[in-house]
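Hi,

Here is the structure I promised to pass on.

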Amino acid sequence: MHPKRTDKIATGIIYAVVATVVAILVFLIGYILYNGVPDITWHFLTSQAQSFSAGGGIRDQLFNSLYLLLLTLIISFPIAMGAGIYLAEYAKDNWITDIIRTSIEVLSSLPSVVVGLFGYLLLVNQLNMGFSILSGAIALTFFNLPLLTRNIEESLNSVPNLQKEAGISLGLSDWKTITKIIVPEGLPGILTGVILSSGRVFGEAAALIYTAGQSAPSVSYTNWNIFNANSFLNPMRPAETLAVHIWKVNTEAVTPDAHAISSGSSAVLIIVILIFNLGARFIGNHIYKKMTAAK
Amino acid sequence: MKTYDFNDKYIIDLKSEMAIETENIQVSYGKNQAIFDTSLKFPRFKIISLIGASGSGKSTYLRCLNRMNDKIATVDGKIMYRNVDINDPKTNVYEVRKHIGMVFQRPNPFAKSIRENILFALKENGIHDKNELEERLEMSLQDAALWEEVKDELDTSALALSGGQQQRLCIARSIAMKPDVLLLDEPASALDPISTSKIEDTVQLLSKNLTIIIVTHNMQQASRISDYTAFFHMGHIIEYNQTRKIFTKPKIKATDDYISGDFG
């Protein structure tokens, strides 16, 4: 065939494929938003869920999701950062590193239900932590760690080795060079990764059903005593998240407005995740510009 | 490729005060030996060029002199600097690199402001006196012939500079540490002729207070700026002499072939 024609056909196919992907995404998000946004009211966002009557909200579920995300990041970020720095800067090219990499890959491909059941057996039962935000956060750490580690490693690897040599040639230690030069330069990528993984964690349901639980006992938002069972900050209380709530409302709710609640919750979930994604791009670009281009 | 007898070598016997001396340096990457038994003396306040074809080991050798090959290659032999063997594993390698600075082939300024590029390592090494820092900032940029071009934009990003300016910034960053010896690994090979000549001028000015060892592919550059030249071939030092003599009357056949282009 004529090379020019081949090229045209190939380009056409590529455009069509890309268009399909975009169309699916737009349709999906559009459908969810179209169905859900009308159900989102201030009342919906700020009132408690109802078990039997209509008019329940998602205040606790929304807060639980955010709080769980925060705890997950507090646990998983330092570990992922350490592992990422090790793999990017210190790991030698040998069998130990191979084993570590393979483990990370296997861990990242574990189905979240399996992670959830593992969390249920180990954290909830064996370690007696019960259905709690902390159990959920640890389970989500298992789930989040491999991708976050890989992301941090890649962000650090994208900083040219020349930068490290520059630091070392000035008499700085490896550690100083890494913390003061390499990590700041990789920061936009790291931040993007953290925010994107936040979106994943925020939308996760299966792993949480067995760890953070499916009940949202009423909590007091004025009780700042973290050890009080009634406090919204208590990490040992069971906590149904937004994603779990959607699942539960759709499977076993008896409220007459279950459909509206699930549509509204889905829309809120999608909107928050979209904010994370767009925020990741914006903040990443902003920091990169601030660090590299003229002030 | 022509084969040469590596035992056929000429190394000038120097008597003046030395900045660095290497004794029987051997470098190997795993099983591959890259440098064989190299003993050279570098006189203080001179410019010494290391020349040779790609893969001749000249950069590898240069990187030994401030221990940049640590963790990359195995370096055996002695490197004497102020009566200390700096190749000894017990030597404080960070201290060595403060005295023996290095500038690389490709400009590698930090993604920080021009000011921070110069001052970062100074601050990390415990200099916090404002006046001292300002003084070193201006002195080093002056010496690297960059001050006039950047003095009004010290707080803008170093990445906004041109390649040639970035390389002079890297030189300034090294000399702000007040090193004794400056190692330059093909510092102008990624630059245009105008930037190159600025770097060469800078290097010549710096040699008043510094010993400079420069790896270069460019033989004109070696003959223009250096006092002594060492020719490497396949990991062996072949000839080390005054630059003038190397380029006019080389004593060894391999050197003669290389500089006349009748090589390989």
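Starting with chain B, there is an open sheet of four strands in the order β3-β2-β5-β6, with antiparallel pairing. Strands here are DSSP runs of E with at least two residues, helices are H or I runs of at least four, and both are numbered from the N terminus; two strands pair if DSSP finds at least two bridges between them. β3 (32-43) and β6 (84-85) of chain B are the edges: each has a single partner strand, so one side of each has no neighbour in the sheet. Between β5 (residues 74-81) and β6 of chain B there are two bridges, and B:Tyr81 sits opposite B:Val84.

This is a predicted model, so local features need pLDDT of at least 70 and side-chain atom pairs pLDDT 80 or more, while totals for chains, interfaces and linings use all residues. Residues are numbered from 1 along each chain as its sequence is written, with chains lettered from A and ligands numbered from 1 in the order in which they are written.

Chain B also has an open sheet of seven strands with mixed pairing, ordered β1-β11-β10-β4-β9-β8-β7. Its edge strands are β1 (10-11) and β7 (100-103) of chain B. β4 (residues 47-52) and β10 (residues 228-233) of chain B run parallel, joined by five bridges; B:Gly52 has B:Phe232 as its bridge partner.

As for the contact between the chains, 19 residues come from chain A and 23 residues from chain B, counting residues whose C-beta atoms, placed from the backbone, lie within 7 Å. On the chain A side, α7(A) gives the most, with six residues.

Cheers

Methods
Two residues are in contact if their C-beta atoms, placed from the backbone, lie within 7 Å.
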